[in-house]
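I opened this entry to look up the cavities and the ligands. My notes follow the structure.

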Amino acid sequence: MEETPVNLHDLTRNELRLLFARWGLATVHAVTVWNRLYLGLATAITEKEMPGLPPRILDRLAAGARLTSPGVALATDSTDGFTRKYLLALEDGRKIETVLMRYSGRVTACVSSQAGCAMGCVFCATGQMGFTRHLAAGEIVAQAVHVARALRAAPSDSIGSSAGSPELRHVLSDKLGERRGDRADQPKAGAAPDRRLRNIVLMGMGEPLHNYDAVMRAVDILRDPAGLALAAERITLSTVGVVPGILRLAREGRPLHLAVSLHAATQEGRAALIPGARRWPLDELMAACRAYSESTGRRIFYEWTLIAGRNDSPEEARQLGRLLRGLPAQVNLIPLNPTVGYEGEPTRAEPVRLFQSVLREEFGLPCTVRQRRGIDISAGCGQLAVNAA
Ligand code: SAH
Ligand code: SF4
């Protein structure tokens, strides 16, 4: 049986070098290919996309490898002026969503790790669609390459053109509340639009720690200093609480930001909202978070989707405060975004403030509220879903 040719985006730089060595080709060509992939942002194995390769090398590459850059099935801009959602078609026809968030001085790609999700969170559109399949590392890498390419092609496009307003910048820094404490990363007034992709959030479709190996391989490729060179501290991985994955991440020590979605501070409360989390009781999850923080010295961001009348009372804020006592933690509150399959309402502004002030004042916990973005195009947290996936 013939093997499927390897997808170039699946390979680390060293693996690409080894592939060339196996083919008996000089390393210098592997270096050229790598540069075309991650500096040139190539999307195909063609002379146009990979200039500088001798024809026989290009032929060998085209025969022995593939580059499965996803096609854009649809690109939609939000009226907020900062958010663009891409519906990307994978090689097998499955579709995923990738979101580009842009404002003065910072561009963030929100990438998917799975087509669908097996965790079944009742309020999440991806959870409502069910699990289709894991994404390969190369399919995760390709999303970042796609966004990087879009930025390079259209540095002055509509996204971000109105991002100079201090008020809007404030809103946006809130949306990525996990970065709040990072002063050096704050947008600067009047800064020129950034043409490079510098930030990735693994918060698109899917549960990244359910697809651990592919996600970490993708992270390693994205971090390669000779490639897209994303700094680990600008990559945030959000998990619903896959305990073995958190412990493995702690052991392997990649210095990413970790966000854990809690939504409830009791096992029963979580099980009702996150059926997939029943496998990992809350006390085990919190023990894993503690172990992670102890071994890495890093604080964790805890996410809490606020649903009116469901998990937004001051008493629930106190339960959360008690749960996080003694842990290096920051809380991100996300008022519920609407999805077709869930009738809950977002918590209104006043109870959100109350919830936040309980955590801040009674427990001394840093706590930010993520502003709603891209809601009109269903690009907000938990709104990503593809009917035909
Ligand atoms: N699977 C991972 C990452 C993707 S979801 C996780 O669950 O953490 C990213 C974030 O969006 C999570 O914190 C999730 O709880 C939140 N979210 C999901 N659906 C939402 C909705 N309808 N409104 C607001 N936030 C939502
Ligand atoms: Fe999956 Fe995260 Fe959505 Fe839950 S919130 S269904 S874990 S993508």
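I checked ligand 2 and found that ligand 2 sits in the largest cavity. For a cavity I used a 1 Å grid over the protein atoms alone and took a set of points where a 1.4 Å probe fits but cannot get out; lining residues have an atom within 4 Å of a point. A molecule sits in a cavity if more than half of its atoms lie within 2 Å of its grid points. This is a predicted model, in which local features need pLDDT of at least 70 and side-chain atom pairs count only at pLDDT 80 or more, while totals for chains, interfaces and linings use all residues. Residues are numbered from 1 along each chain as its sequence is written, chains are lettered from A and ligands numbered from 1 in the order in which they are written, and side-chain values use heavy atoms, with hydrogens and water left out.

I listed the residues around ligand 2 (a heavy atom within 4 Å): Cys117, Met119, Gly120, Cys121, Cys124, Gly127, Gly206 and Val240. By class that shell has five nonpolar, three polar and no charged residues. Ala, Val, Leu, Ile, Met, Phe, Trp, Tyr, Cys and Pro count as nonpolar, Asp, Glu, Lys and Arg as charged, and the others, Gly among them, as polar.

The lining of the largest cavity counts 30 residues, with Cys124, Met203, Ser238, Ser261 and Gly382 nearest its centre. Helix H4 (125-129), E10, E12 and E13 each give two or more residues to this lining. Helices (H or I, at least four residues) and strands (E, at least two) are DSSP runs, numbered from the N terminus. I sorted the lining into 15 nonpolar, 12 polar and three charged residues.

The space taken by ligand 1 is the largest cavity. Strands E10 (235-239), E12 (300-306) and E13 (329-335) each give two or more residues to the shell around ligand 1. I found 20 residues around ligand 1, the closest being Phe123, Ser238, Ser261, His263 and Asn337.

A ligand nitrogen lies 2.8 Å from a backbone N or O atom of Phe123, and a nitrogen atom of ligand 1 is 3.0 Å from a polar backbone atom of Gly206.

Key: A polar contact is a pair of N or O atoms within 3.5 Å; within protein, one must be able to donate a hydrogen and the other to accept it, and residues adjacent in sequence count only if both atoms are side-chain atoms. On a 1 Å grid over the protein atoms alone, a cavity is a set of points where a 1.4 Å probe fits but cannot get out, and a pocket is an open set with protein on both sides within 12 Å along at least five of seven lines; lining residues have an atom within 4 Å of a point.
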